[in-house]
Amino acid sequence: DVAVVVMSQLNREGAVGEPHLHELRDSGALEQDADLVLLMWRNDESDEPGMQSRRARDINIRVAKNRNGPLLMFRAEFTPQAYRFEHGGPF
């Protein structure tokens, strides 16, 4: 009855956009054994002036696997000074 949290950075070799669950399968049994898998990424496609600092804090989160609940997508804002994610609303 102990929660185990594993963080993994995917090597997506130039992939653009949203990560997918199948990209985690190359990491051994992580995806197979997990009850819950969250995928997090940032959208960096726009170079609009003045938006860089805001965009760097906006994080997209997708529940890609959940054995005990729904699959969801939502946004969060990362506050680096507090090392905290705050809910940013639905996707």
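1. Lysine 65 is situated in strand β2, which spans residues 58–66; helices (H or I, at least four residues) and strands (E, at least two) are DSSP runs numbered from the N terminus. The model is a predicted one, in which local features need pLDDT of at least 70 and side-chain atom pairs count only at pLDDT 80 or more, while totals for chains, interfaces and linings use all residues. Residues are numbered from 1 along each chain as its sequence is written, and side-chain values use heavy atoms, with hydrogens and water left out.

2. Lysine 65 counts as buried because its relative accessibility is 14% (buried is under 20% relative accessible area, exposed over 50%, partly exposed in between, with a 1.4 Å probe and protein chains only). Leaving aside neighbours within four places in sequence, the residues in contact with lysine 65 include Leu21, Glu31, Gln32 and Leu71 (contact: heavy atoms within 4.5 Å).

3. A polar atom of the lysine 65 side chain lies 3.1 Å from the backbone oxygen of alanine 34. Aspartate 35 is 30 residues from lysine 65 along the chain, yet their C-alpha atoms are separated by 7.0 Å.

4. Asparagine 60 also belongs to strand β2. Its relative accessible area is 3%, so asparagine 60 is buried. The side chain of asparagine 60 is joined to that of arginine 75 by a polar contact of 3.2 Å (a pair of N or O atoms within 3.5 Å; within protein, one must be able to donate a hydrogen and the other to accept it, and residues adjacent in sequence count only if both atoms are side-chain atoms).

5. The largest nonpolar core has six residues: Leu21, Leu24, Ala34, Val37, Leu39 and Ala64 (a set of buried Ala, Val, Leu, Ile, Met, Phe, Trp, Tyr and Cys residues joined through side-chain atoms within 4.5 Å). Not counting residues up to four places away in sequence, valine 37 touches Leu21, Leu24, Arg62, Val63, Ala64 and Lys65.

6. Tyrosine 83 counts as exposed because its relative accessibility is 72%.
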